[in-house]
Amino acid sequence: MADFPSKVTTETGPQQSQPSQQGGNSLRGLAANVTTMMDMSFIRSIPAILMMVEIGLGLLHWALIASAYYTMVPAYGWVMFVAVTLWLLTIILFFMILCGVQRKLSFVPWPLTVMVYHAVATLLYLTAFLTNAASVHPYSLSYFYGHMAAAAFFGAVVTIAYGISAYFSYLDWKGDGGNAATSTVPT
């Protein structure tokens with residue numbers, strides 16, 4: 001206890017600002033930190049626009065089905081599973097790419113991963129769209145016929161959007177040198 005006063009130092013004068021707190025506690029500083037972490041050029045790219053279309057129309061697709069009594073036809077269980085699961089996974093993938101997670105997880109082959117995701121999503125959404133379109137008829141005399149028919153239409157549009165995303169992901173993968181063997185062979 002006798003050593004305690006010698007370990008304490010007191011200084012008077014202006015406080016030093018901490019450089020790690022850009023903008024202090026203001027919202028402007030927080031916004032500056034958040035935007036520096038995000039890849040804002042990604043939002044203006046075609047893959048990002050397609051992902052936003054997939055998210056928006058995918059939400060509309062499953063919301064139209066969820067607003068109806070869809071448990072009357074068991075096939076809609078598959079449609080809802082595919083629509084909601086891919087909607088959530090697309091949101092997660094969108095924000096991962098937006099926040100630059102691929103730079104932090106460089107051991108993941110991102111172009112190949114995104115291409116496989118979009119290809120699988122296209123196939124799954126194609127089965128869900130076909131199931132949805134084939135299952136509209138039981139609602140033909142119901143108030144929900146329009147909901148299910150519109151959901152089938154938006155299911156087709158989302159399937160096309162995933163297909164176009166798969167194509168652009170393929171181009172990105174091929175442009176990235178997807179085959180490690182060809183990129184390591186000396187010429």
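Buried residues make up 29% of the 187 residues in this protein chain, where buried means under 20% relative accessible area, exposed means over 50%, and partly exposed lies in between (1.4 Å probe, protein chains only). This is a predicted model, so local features need pLDDT of at least 70 and side-chain atom pairs count only at pLDDT 80 or more, while totals for chains, interfaces and linings use all residues. Residues are numbered from 1 along each chain as its sequence is written, and side-chain values use heavy atoms, with hydrogens and water left out.

**Overall build**

- The chain has nine helices and zero strands; helices (H or I, at least four residues) and strands (E, at least two) are DSSP runs, numbered from the N terminus.
- Read from the N terminus on, the elements go α-α-α-α-α-α-α-α-α.

**A nonpolar patch on the surface**

- Ile46, Ile160, Ile164, Tyr167, Phe168, Tyr170 and Leu171 form this patch, and together they have about 640 Å² of accessible area.
- Patches take residues with over 30% relative accessible area and no salt bridge, joining like charges within 9 Å and nonpolar side chains (Val, Leu, Ile, Met, Phe, Trp, Tyr) within 5 Å.
- The areas come from the Shrake-Rupley method with a 1.4 Å probe, and for residues only the protein chains shown count as cover.
- A salt bridge, for its part, is a side-chain nitrogen of Lys or Arg within 4 Å of a carboxyl oxygen of Asp or Glu.
- Helix 8 (residues 145-175) gives the most to the patch, with six residues.
- Leu171 is found in helix 8 and is partly exposed, at 38% relative accessible area.
- Tyr170 is also found in helix 8, and with a relative accessible area of 37% it is partly exposed.
- The C-alpha atoms of Tyr170 and Val116 are 8.7 Å apart, though the two are 54 residues apart along the chain.

**The largest pocket**

- Its volume is about 340 Å³, meaning the space filled by probe spheres set on grid points that are joined across faces, edges and corners.
- On a 1 Å grid over the protein atoms alone, a pocket is an open set of points with protein on both sides within 12 Å along at least five of seven lines, and lining residues have an atom within 4 Å of a point.
- The lining comes to 15 residues, with Phe42, Ile97, Pro111, Val114 and Asp172 nearest the pocket's centre.
- Helix 4 (46-66), helix 7 (110-134) and helix 8 are the elements that give two or more residues to that lining.
- By class, the lining has nine nonpolar, five polar and one charged residues; Ala, Val, Leu, Ile, Met, Phe, Trp, Tyr, Cys and Pro count as nonpolar, Asp, Glu, Lys and Arg as charged, and the others, Gly among them, as polar.

**Two more residues to look at**

- Ala133 lies in helix 7 and counts as partly exposed at 37% relative accessibility.
- Ala133 and Ala150 are 17 residues apart along the chain, with 9.6 Å between their C-alpha atoms.
- Ile43 sits in helix 3 (residues 40-43) and, at 29% relative accessibility, counts as partly exposed.
- From C-alpha to C-alpha, Ile43 and Ile97 are 9.7 Å apart, with a sequence separation of 54 residues.

Key
On a 1 Å grid over the protein atoms alone, a cavity is a set of points where a 1.4 Å probe fits but cannot get out, and a pocket is an open set with protein on both sides within 12 Å along at least five of seven lines; lining residues have an atom within 4 Å of a point.
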